[in-house]
Amino acid sequence: MKRPVALRLQAAMATAAVGAAVVVALPTPEASAAAGVATGYATQNGGTTGGAGGQTVRATTGTAIHTALCNRASSSTPIIIEVSGTINHGNTAKVSGSSCNTAAGVIELKQISNVTIIGVGGGAVFDQLGIHIRESRNIIIQNVTVRNVKKSGSPTSNGGDAIGMESTVRNIWVDHVTLEASGGESEGFDGLFDMKNDTQYVTLSYSILRNSGRGGLIGSSESDRSNSFITFDHNLYENIDSRTPLLRGGTAHIYNNHYVSLHESGINSRAGAKAKVENNYFRNSKDVLGTFYTNERGSWQVSGNIFDNVTWSATGDENYPAGPNPTSNTTVGIPYSYRLDGASCVPDIVRQTAGANTGLRVSDGNCTPQSPPPTTPGPTTPAPTTPPPTTTPPPSGGTNLSLVSGAGADGSSKASGTSYGNVRDGNLGTWWSPSGSTGTISIKWGSATRVSRVVIREPSGTQGSIGSWQLVNNDTGAVLAAGSGAGAISFAATSLKKINFKINSSSGTPRVGEFETYA
């Protein structure tokens with residue numbers, strides 16, 4: 001259903017500047033990785049590390065970004081691309097290679113994995129040029145501005161989306177970015193942050209989305225319900241007509257966001273979608289939560305939100321606002337830990353932390369901004385000429401106790417050709433599978449060992465098969481944690497001799513490549 005655009009800003013188009021494809025490998029003092037670590041659903045399904053551990057290069061043109069991708073030994077070789085300056089149509093050409101699949105006029109992250117793109121120096125601006133993620137996984141985009149991307153008029157890029165994801169995309173963390181347009185569909189713009197056709201395990205955090213007809217969608221149509229497990233936290237949505245986001249099917253966790261001047265509708269949960277909406281601040285807006293423009297209803301769980309000068313329309317055909325007194329009509333379990341700021345301080349903490357060029361500051365969970373922890377520079381040696389072995393991605397910190405001397409593994413019955421020990425060999429190319437769709441795999445030690453975090457990693461190509469699970473202290477039978485999907489699991493520190501990962505449901509045959517344990 002087409003709706004009028006209620007925007008008042010004029011487009012501010014920057015002059016395109018032609019630049020050469022310059023890729024610079026950085027000396028060690030300048031090398032850096034994405035600051036902080038991924039949060040939300042991006043931590044699940046094996047986690048999101050981007051290009052951590054890979055070579056760091058500097059790019060000042062879109063062509064240079066493509067060249068860096070194409071110069072890798074393989075499409076999965078980790079790389080960190082530091083971007084500065086203005087990226088536009090004039091300096092973004094197609095580059096060919098066996099490790100890339102690029103196109104002119106768009107930053108094309110297609111059929112690749114293990115990449116970080118981070119703005120550095122005076123900032124990185126993608127002007128009228130979108131970022132397209134397709135058939136890819138484990139991507140981090142941080143500290144960049146993407147503005148005025150059009151689907152009609154001239155020039156056009158990425159279907160009019162600032163950042164768009166589609167076709168089997170997994171584990172994306174977009175953090176501290178500014179996404180903005182200068183109007184709605186009638187002015188040639190589309191969505192700022194779109195996900196469709198099987199996109200899962202995505203987090204958008206500490207970002208600004210503004211001055212657009214459409215904030216973003218999850219699912220391209222009522223029948224596209226393959227997209228799920230999306231987190232939105234500490235973002236500013238300002239001067240947006242609708243779709244903050246539009247959620248068709250799937251599950252979203254939406255917390256600690258600040259919404260200002262939503263003209264037509266806000267969080268639109270429809271077509272069976274479920275949204276957990278907590279401790280957000282809505283101001284000077286209309287119909288900020290509900291099911292709109294369809295009779296295929298969605299649902300929501302609400303708590304701790306503040307509605308400041310919010311107006312609500314009457315319920316009617318294809319219009320089901322949650323207000324004026326929103327109440328929950330579903331429950332949503334969240335499998336990861338997170339720090340929840342009080343809604344009253346959300347406008348202030350988001351103002352201090354969200355968007356590009358804010359020092360990558362985050363909330364400490366008590367409404368106070370803090371700088372991200374330092375990260376270890378990646379190596380700056382030339383890219384290898386042969387693909388590296390398939391090994392477990394580096395953990396977020398600490399010693400993997402599953403690999404220490406004296407550790408072992410056992411479990412329930414295993415599928416033919418698999419081994420219990422494969423979950424503690426440091427190699428994602430080997431794995432354990434149960435003989436059916438459920439089963440238990442365990443890590444054990446000769447003496448009591450203190451554990452507070454577990455990371456379950458699935459081999460490449462099988463991510464998303466693990467459904468619901470329980471983490472159990474084998475010594476006492478106590479359930480330490482429960483949830484769904486692979487990824488990082490934190491719980492109260494416990495001393496034990498054996499810990500069980502019990503898979504209670506799955507899609508297909510689940511595989512555990514690594515069962516990591518940390519103190």
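**Charged and aromatic side-chain contacts**

K151, E185, D190 and R214 are linked in a network of salt bridges, a salt bridge being a side-chain nitrogen of Lys or Arg within 4 Å of a carboxyl oxygen of Asp or Glu. The model is predicted, and local features need pLDDT of at least 70, side-chain atom pairs count only at pLDDT 80 or more, and totals for chains, interfaces and linings use all residues. Residues are numbered from 1 along each chain as its sequence is written, and side-chain values use heavy atoms, with hydrogens and water left out.

The count of salt bridges comes to 17. One of them joins the side chains of D127 and R147, at 3.0 Å from N to O. This pair links distant parts of the chain, 20 residues apart, with D127 in strand β5 (residues 113–127) and R147 in strand β8 (residues 145–147); strands (E, at least two residues) are DSSP runs, numbered from the N terminus. D127 is buried, at 1% relative accessibility, whereas R147 is partly exposed at 22% (buried means under 20% relative accessible area, exposed over 50%, partly exposed in between; 1.4 Å probe, protein chains only).

A salt bridge also connects D410 with K444, at 3.1 Å from N to O. D410 belongs to strand β30 (residues 408–411) and K444 to strand β31 (residues 439–457), 34 residues apart. D410 is buried, with a relative accessible area of 17%, while K444 is partly exposed at 32%.

In the salt bridge of R283 and D308, N and O are 3.5 Å apart. R283 lies in strand β23 (residues 281–286) and D308 in strand β26 (residues 306–311), so this contact ties together parts 25 residues apart in sequence.

Strands β23 and β26 are also tied together by the aromatic residues F282 and F307. The ring centres of F282 and F307 are 5.2 Å apart and the planes are at 5°, so the pair is stacked (rings of Phe, Tyr and Trp, its six-membered ring, pair if their centres lie within 6.5 Å; planes under 30 degrees apart count as stacked, over 60 as edge-to-face and the rest as tilted). F282 is buried at 1% relative accessibility, and F307 is partly exposed at 30%.

The aromatic pairs number 12. Among them, Y259 and F282 are stacked, with centres 4.7 Å apart and planes at 10°. Y259 lies in strand β20 (residues 258–262) and is buried, with a relative accessible area of 0%. Ring pairs also link Y41, Y201, F229, Y255, Y336 and Y338 into a cluster.

Terms used
Helices (H or I, at least four residues) and strands (E, at least two) are DSSP runs, numbered from the N terminus.
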